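I opened my notebook to look this one up piece by piece. Here is what I wrote down, in the order I went.

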Amino acid sequence: MSVLTKDEIISRIIREKGIPRHEIEERIKELASVHGISENAAALMLAEELGVKIGKGEEMLYIKDLVPGMRGVNIVARIKRKFQPREYTKRDGSKGRVADFIVYDATGQARLVLWDAMISRYYNELNVGDVIKIIEPTVKEGIRGIELHTNFKTRIIKNPDDPRVEEIPPLEEVRSYNYRRVRIKELQGGDRFVEVRGTIAKVYRVMVYDACPECRRRVDYDPSSDTWICPEHGPVSPVKITVLDFGLDDSTGYIRATLFGDPAAELLGEDPESIDEKFRKLIEEGLTPKEAGKRLAEDEYYTLIGKEIIVRGSVVEDKFLGTILKARNWDEVDERAEIERVKGELYRKLKEYGLE
């Protein structure tokens, strides 16, 4: 494909969008100044932001189509989770920052990773629920699937003009509605598929263990063969499983809840590897795993206390701890959805008493 000049790109923008030339010129100069790029590159960026196709058009890829190592891809997705930036140490010893998002489209989900300058450029502008277009990320295979890593070529556009936008389900549809909303005082051992809205009142324990990628059971390291062994599947490459024990209060009662895996790491706002690093450091200082889990909860993740969430799972009776909610997943409280829920319940009551 031949490279278009700035004037040719401007002509296409005028033809397709009807924007006056002087406005386009001003926006190109602003983009060039902000991003430190040439005006020709800024004109291309502006065309992409406005949805003006340059060249032969784009290949409509979806998350399910991505393969590690692919180049020149673009993906349209909705943000499902947003994690706080964290520090890491570069090879030269200096400090950098990295932040993760979970994004999804109609075919699957992936992890979007922002590095260093990309955090300053995009992080505060991106929020859960936003639809974004990710242009020219580096496609990698992570422990939990495909990852999209930003690089100096990557651009992210909010609310893009792209036909794939209409295919992405809203957040409400990717959440499970097979659960029954219950108040804590009504919970009983054996209840399955229940949903509780409550406030985190205590964080008991945070820990990470090495698990089999197939069955999620704990695996043991065999130093003689330098392998991890699963009792059921034999030698495996382990994955990190996060465990979070916390107390939930909804004003009608209190219950202890346990959350495992990626949902636990997402609630904590960090990836399992970072949590594991903190956990192992405490063990190296002489603490037992039980003590380390409690210390990590008290010192690092106490900020979860006071957060209101919706938790879904089943209720079990534990021999030592009593009634526990074994959570499968969680969600932020969507006030609009909660209002609709209350309106629906009110309507059903009115209909029941013939007052609709």
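**Entry 1: two helices side by side.** I started where K6, I9, I13 and K17 in α1 meet E39, N40, A43, L44, L46, A47 and L50 in α3. By contact I mean heavy atoms within 4.5 Å. I took helices (H or I, at least four residues) and strands (E, at least two) as DSSP runs, numbered from the N terminus. The residues in this α1 and α3 contact divide into 7 nonpolar, 1 polar and 3 charged.

Before going on, I noted what I was looking at. This is a predicted model, where local features need pLDDT of at least 70 and side-chain atom pairs count only at pLDDT 80 or more, while totals for chains, interfaces and linings use all residues. Residues are numbered from 1 along each chain as its sequence is written, and side-chain values use heavy atoms, with hydrogens and water left out.

**Entry 2: the geometry of that pair.** At what angle do α1 and α3 pack? I found about 20°, with the axes 9 Å apart, and α3 covers residues 39-50. The axes are lines fitted to C-alpha atoms, for helices over the stretch in contact, and angles run from 0 to 180 degrees between N-to-C directions. α1 and α3 are therefore roughly parallel to each other. My cut-offs: angles under 35 degrees count as roughly parallel, over 145 as roughly antiparallel, 65 to 115 as roughly perpendicular and the rest as oblique. The crossing of α1 and α3 is left-handed. A crossing gets that label if the near helix is turned anticlockwise from the far one by less than a right angle, and right-handed if clockwise.

**Entry 3: α1 again, with α2.** Next I checked α1 (residues 6-17) against α2 (residues 21-35): their axes come within 10 Å and cross at roughly 125°. That makes α1 oblique to α2. Here α1 passes α2 in a right-handed crossing. From α1 the contact uses K6, D7, I10, S11, I13 and I14, and from α2 it uses R21, I24, E25 and I28. I sorted these residues into 5 nonpolar, 1 polar and 4 charged.

**Entry 4: two buried residues.** I used buried for under 20% relative accessible area, exposed for over 50% and partly exposed in between (1.4 Å probe, protein chains only). L31 and L112 are 81 residues apart in sequence and 23 Å apart in space, C-alpha to C-alpha.

Then I looked up I134, which is found in strand β5 (residues 131-135). I134 counts as buried because its relative accessibility is 0%. Which residues does I134 touch, leaving aside its neighbours within four places in sequence? I listed V73, N74, I75, L112, L148, T154 and R155. Between I134 and K158 there are 9.1 Å in space, C-alpha to C-alpha, and the two are 24 residues apart in sequence.

**Entry 5: strands.** Strand β2 (residues 86-89) and strand β3 (residues 95-104) run antiparallel, joined by 4 bridges. Two strands pair if DSSP finds at least two bridges between them. T89 has K95 of β3 as its bridge partner. The hairpin of β2 and β3 has 5 residues between the strands, and G93 there takes a positive phi near 95°.

Further along, I found an open sheet of 3 strands in the order β11-β12-β13, with antiparallel pairing. Its edge strands, β11 (220-222) and β13 (234-236), each pair on one side only. The twist averages 50° from one strand to the next. β12 (residues 227-230) pairs with β13 over 3 bridges, and I229 has P235 of β13 as its bridge partner.

**Entry 6: α6.** Helix α6 (residues 261-268) is mostly covered, with 6 of its 8 residues buried. They are G261, A264, A265, E266, L267 and L268. After α6 comes G269, whose phi is positive, near 85°.

**Entry 7: the whole thing.** How many helices and strands are there in the protein? I counted 9 helices and 17 strands. The C-alpha trace spans about 75 × 75 × 35 Å along its principal axes. Of the 356 residues, 43% are buried.

How values were computed
Ala, Val, Leu, Ile, Met, Phe, Trp, Tyr, Cys and Pro count as nonpolar, Asp, Glu, Lys and Arg as charged, and the others, Gly among them, as polar.
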